Amino acid sequence: MKIEYQYTFSLPRKMVWKYIKDEKVLMKAIPNCRTFLQNTNGTYQAEIDIKIGPLKDVLTLEVTLDKEQPSSYYHLLLKGKGNLGEISGNAHLFLNDQSGSTLLDIQAEVNVTGTLSGAAERIISGGANKGIENFFQSVEKEIKKNLYLMRKGRK
């Protein structure tokens with residue numbers, strides 16, 4: 001399945017770049033995320049509760065930052081496994097300045113197997129962009145929260 005999406009952050013690109021890879025920001029932004037830890041530089045492990053209709057599972061994910069050009073591009077590799085199936089894929093993320101904001105352009109390809117594949121295909125074809133938008137809105141909210149706390153001297 002191919003996914004293409006754009007999101008505009010109302011934040012400068014260097015700020016988005018700094019926080020979009022922050023494990024605490026990501027853990028709070030990913031719905032139903034149990035854990036999200038950076039194992040080595042550029043490799044993250046996560047456990048996420050999956051609830052799609054009557055289907056429930058815990059998906060263990062490994063996300064690897066494969067390539068990057070600081071503050072403008074990175075390539076992610078993704079693989080995950082749960083009782084109901086497996087997921088693998090990759091994503092290209094491009095960050096560009098846009099009048100004081102940041103335009104994030106995503107081009108991804110995801111493969112899902114097992115019982116999760118049918119549900120995932122319905123979600124992708126029936127509104128994945130809303131889920132992606134909600135995720136990036138949560139990321140932006142967490143970045144702004146971190147900036148606010150830093151300004152107040154609480155972080």
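Figure 1. Glu140 is a buried residue, with a relative accessible area of 8%. In this description, buried means under 20% relative accessible area, exposed means over 50%, and partly exposed lies in between, with a 1.4 Å probe and protein chains only. The model is predicted: local features need pLDDT of at least 70, side-chain atom pairs count only at pLDDT 80 or more, and totals for chains, interfaces and linings use all residues. Residues are numbered from 1 along each chain as its sequence is written, and side-chain values use heavy atoms, with hydrogens and water left out. Glu140 forms a salt bridge with Lys144, and the closest N and O atoms are 3.3 Å apart. A salt bridge requires a side-chain nitrogen of Lys or Arg within 4 Å of a carboxyl oxygen of Asp or Glu. Because Glu140 and Lys144 are 4 residues apart in helix 4, about one helical turn separates them. Lys144 is partly exposed, with a relative accessible area of 37%.

**Figure 2. The salt bridge between Asp97 and Arg13.** The structure holds 6 salt bridges. In one of them, the side chains of Asp97 and Arg13 meet at 3.0 Å, N to O. Asp97 belongs to strand 6 and Arg13 to helix 1 (residues 13-19), so the pair ties together parts that are 84 residues apart in sequence. Helices (H or I, at least four residues) and strands (E, at least two) are DSSP runs, numbered from the N terminus. Asp97 counts as exposed, at 52% relative accessibility.

Figure 3. Strand 4 (residues 55-69) and strand 5 (residues 73-82) run antiparallel and are joined by 9 bridges. Two strands pair if DSSP finds at least two bridges between them. Leu61 stands opposite Gly80 in strand 5. Strand 4 and strand 5 form a hairpin with 3 residues between them, and Ser71 in the turn has a positive phi of about 65°. Strand 5 is also joined to strand 6 (residues 85-98) by 10 bridges, and these two strands run antiparallel. Leu77 has Asn90 in strand 6 as its bridge partner. The hairpin formed by strand 5 and strand 6 has 2 residues between the strands.

**Figure 4. The salt bridge between Lys81 and Glu86.** The side chains of Lys81 and Glu86 meet in a salt bridge at 3.8 Å, N to O. Lys81 is exposed, with a relative accessible area of 53%, whereas Glu86 is partly exposed, at 39%.

**Figure 5. A patch of positive charge on the surface.** Lys24, Lys28, Lys141 and Lys145 gather in this patch. Patches are made of residues with over 30% relative accessible area and no salt bridge; like charges are joined within 9 Å, and nonpolar side chains (Val, Leu, Ile, Met, Phe, Trp, Tyr) within 5 Å. Lys and Arg count as positive and Asp and Glu as negative, while His and the chain ends are not counted. The place of a charge is taken as NZ of Lys, CZ of Arg, CG of Asp or CD of Glu. Helix 2 (23-29) and helix 4 (128-151) each supply at least two residues of the patch. Lys24 lies in helix 2 and counts as exposed, at 57% relative accessibility.

**Figure 6. Leu116 and Ile52.** Leu116 lies in helix 3 (residues 115-125) and is buried, with a relative accessible area of 7%. The C-alpha atoms of Leu116 and Ile52 are separated by 8.7 Å, although these residues are 64 residues apart along the chain.

Conventions
Accessible areas come from the Shrake-Rupley method with a 1.4 Å probe; for residues, only the protein chains shown count as cover.
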